[in-house]
Amino acid sequence: MHLRLQVGFLVVALVLSVFTARLVQLQGLDPRQYARLAAAEGKVSVVLPATRGAILDRFGRPFARSTDGLMIAANPQLSAQDAPALATLLSRRLDLDYFETLERLRDPDTQFQYIARQVPAARARAVVADAVERGLKGLELRNDPVRDYPAHDIGCNLVGFMGTGKHGVPKARAGLERAFDRQLAGTDGEARYQTGASGRRIPLGDNTVTPAVDGTDLVTTLDRDLQWYTQRVLRQTVLGARGDSGYAVVLDTRTGETLALADYPTYDCADPQDYPESSYTSRALADVYEPGSVEKVLTASSLIDAGLVTDRTRFVVPPVLMRQDAPIHDYFDHDTLRLTLAGIIAVSSNIGTVMAADEFAPGQLRDYLQRFGLGQRTGVGLGGESAGILPSDAQWTSQVGDRIAFGQSLSVTALQMAAAVNTIANGGMRIDPSIVQGSATTDEGRTVGSDEAGLRRVVSEDAALQTMRMMERVVDPEDGVAPGARVAGYRVAGKTGTAQRVGPDGTYDGSFTVSFGGFAPADDPRFTIYVVVQNPRNGGGGGSVAGPAFSRLMTYALSRYGVPPTGAAPSRLPVEW
Amino acid sequence: MSSPSSLRTARAAAAPARPGGVRPAATGRARLALAPRFPRWGRRAPRMPFVVLVSVIAVSGIVGLLLFNTSMQQAAFTATQLEDRAADLSARSEELALALEDLRDPQRIAEQACRAGMVMGPTAAFLDVDTGRVIGVPEPAVRGACGLTAPTPAPPTRPAPPAPAPAAQPRGVDVASPLRFGAGRGVAR
């Protein structure tokens with residue numbers, strides 16, 4: 001009896017000693033390595049890619065969207081043995097770098113390596129099936145959405161595209177994709193689970209899932225169909241005039257929302273690599289140029305607002321105006337003319353505008369132009385936007401001031417100028433143009449969008465009204481210079497611009513920037529449209545090149561949005577006296 | 001607790017009780033105790049039911065666990081299958097949405113419409129269906145070439161830009177007075 005007890009105790013003691021020794025070995029000598037080994041045993045960690053938010057037009061139609069795609073990954077523990085054959089297959093079928101792929105397939109430190117991301121599902125499945133058929137092991141497929149641009153070149157200069165960064169990870173390269181990358185991208189999630197010997201997930205195994213947070217859609221103010229039409233009309237206009245490039249902006253007069261913003265030449269964001277990088281930006285936001293006579297409406301409305309003139313103020317316009325350093329001419333030869341301010345705008349007389357602008361106190365015009373938004377970024381939320389050049393007070397000599405009064409010696413972007421013209425359309429209130437609907441925060445942390453659009457009075461309602469009436473005379477078939485910009489049945493107010501262009505060497509090189517900016521219906525404006533063509537070689541000017549494009553775009557916009565004519569008679573302001 | 005030391009303690013405690021002094025008293029008491037011999041085994045509860053009960057519990061436990069495990073596995077497979085099916089269906093729905101969106105591509109619609117002989121209206125005019133009044137200036141649409149709807153041009157293979165044409169200035173063109181731009185400042189000619 002006692003003997004048995006003693007032996008029993010002895011055995012227990014021996015066993016416990018062994019346990020203790022093992023415990024010390026495990027916990028005391030190298031605890032971390034064992035923990036790592038245990039954790040790695042049959043455990044798999046998977047990235048759950050977040051679905052990137054779409055970029056939509058104002059009606060929810062996509063410019064950019066994410067669709068099902070697959071990533072091809074490798075388990076180097078399995079793929080290492082057949083690595084050369086696999087690398088050959090993958091590099092050939094997926095256009096990957098052979099040596100980099102080989103290195104990844106052989107990586108001894110991991111059970112998971114990216115091989116290719118965002119492969120269209122069908123292609124990825126075919127490649128992996130091909131590998132399996134050849135007895136090559138170690139490849140696996142994982143969910144990885146693909147970025148798709150269903151409208152191709154429509155809106156690309158604003159939308160941008162996703163390129164490929166390091167290790168094949170997608171990277172926003174341009175446009176809204178880049179400016180709002182953080183919002184669109186979301187956050188990738190992760191799943192860790194245990195697998196059995198077969199590689200199948202163990203149902204009751206250790207499972208942790210951090211779900212992916214999908215990106216948020218970005219809704220723009222653009223109208224995809226109108227954007228298409230605008231781009232096509234612009235293309236036809238630029239090619240027809242044999243110009244270098246062009247921009248067209250369609251704004252909703254009341255809200256400042258950009259309904260269409262076209263650039264030419266453009267590119268296809270679904271295949272950006274086929275186009276030069278210079279075509280990726282939006283020239284309407286990045287290019288600066290001298291606006292020419294369209295700017296005269298800003299000068300005229302400022303003069304009226306300051307109470308210095310009215311639309312009927314009479315001027316005697318000589319054939320040549322001698323100023324301090326040089327004579328100022330009009331584009332057409334004329335004897336001394338007796339023009340009203342409306343007449344000066346209607347025939348676009350530089351001499352008349354300079355004479356009227358002489359009424360300004362020093363610095364007054366500059367203040368007005370600044371309030372019209374010139375010389376400052378519109379801040380629509382896209383990177384690479386230019387501020388334009390509004391000479392400082394120190395640079396504003398009387399000669400510079402003369403030229404600025406008729407739109408030379410200062411530089412603008414197309415969107416800036418469109419917003420300035422829109423101020424006249426909107427009864428003298430300038431509203432910030434927007435491209436993002438509602439409100440969104442850029443990666444730089446700026447909150448932009450139509451909800452954030454600032455509103456400020458630049459000129460009085462009466463000054464805007466008088467300016468509108470003068471602008472109506474521009475499209476008059478008898479008295480104006482741009483009858484081609486008329487829209488049948490509607491009252492249209494507009495202004496032509498034909499400016500000398502500054503060449504690469506910083507001097508006027510003999511080429512022109514032609515433009516037309518205006519709005520309709522003139523007495524209850526709904527749309528403000530601005531069309532610019534750089535360096536037309538057909539001898540055309542603002543009225544003959546950009547005017548008809550304006551008319552087509554305005555006709556389309558009015559009929560698309562069901563805006564009927566107001567039925568009122570157009571202004572018959574006297575142009576001469 | 002170390003067992004050898006307790007063993008020693010037990011033995012030390014038991015040893016003094018052995019010597020003879022105690023034995024006679026114990027014998028006398030034992031004799032008294034021997035008289036009534038009750039049947040020890042007869043009164044005990046029957047063993048079988050207990051064994052059966054334990055066996056049943058054990059077996060049903062094992063079987064239950066087995067069934068549970070099987071059903072869990074089954075559920076896991078079903079879940080996987082359903083997940084695959086859901087993935088397939090959502091891929092399919094996405095594919096259809098894609099196809100729909102491709103059909104809505106304005107370029108495609110424009111090309112098809114133009115091929116079908118449709119023409120864009122040259123003016124914006126409206127018909128008031130209540131009064132029958134025509135608002136705006138309607139004009140008949142004239143069929144032209146599908147130039148506007150030409151597809152996206154192929155990537156540019158830029159030809160050398162033609163020599164700048166002499167800047168003709170027809171009537172209807174307003175050219176600001178000729179100026180040269182020098183050193184950032186306009187210098188009038």
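This is a predicted model: local features need pLDDT of at least 70, side-chain atom pairs count only at pLDDT 80 or more; totals for chains, interfaces and linings use all residues.
A:Asp95 is placed in the loop that runs between helix H4 (83–94) and helix H5 (98–106) of chain A. Most residues other than glycine have a negative phi.

A positive phi is also found at A:Ser409, where the angle is near 65° in a residue other than glycine. The loop that holds A:Ser409 lies between helix H16 (398–405) and helix H17 (414–425) of chain A. A:Ser409 has 27 C-beta neighbours inside 10 Å and therefore counts as buried, the threshold for that class being 20 or more.

Most peptide bonds are trans. The bond that joins A:Tyr264 and A:Pro265, however, is cis, with omega about -5°. A:Pro265 belongs to the loop between strand E14 (258–264) and helix H11 (283–286) of chain A. A cis peptide bond likewise links A:Ala520 to A:Pro521, and its omega is about -20°. In this case the proline, A:Pro521, is situated in the loop between strand E24 (508–520) and strand E25 (527–534) of chain A.

Technical notes
Residues are numbered from 1 along each chain as its sequence is written. Chains are lettered from A and ligands numbered from 1 in the order in which they are written. Helices (H or I, at least four residues) and strands (E, at least two) are DSSP runs, numbered from the N terminus. A residue is buried if 20 or more other C-beta atoms lie within 10 Å of its own, exposed if 12 or fewer, and partly exposed in between; C-beta atoms are placed from the backbone.
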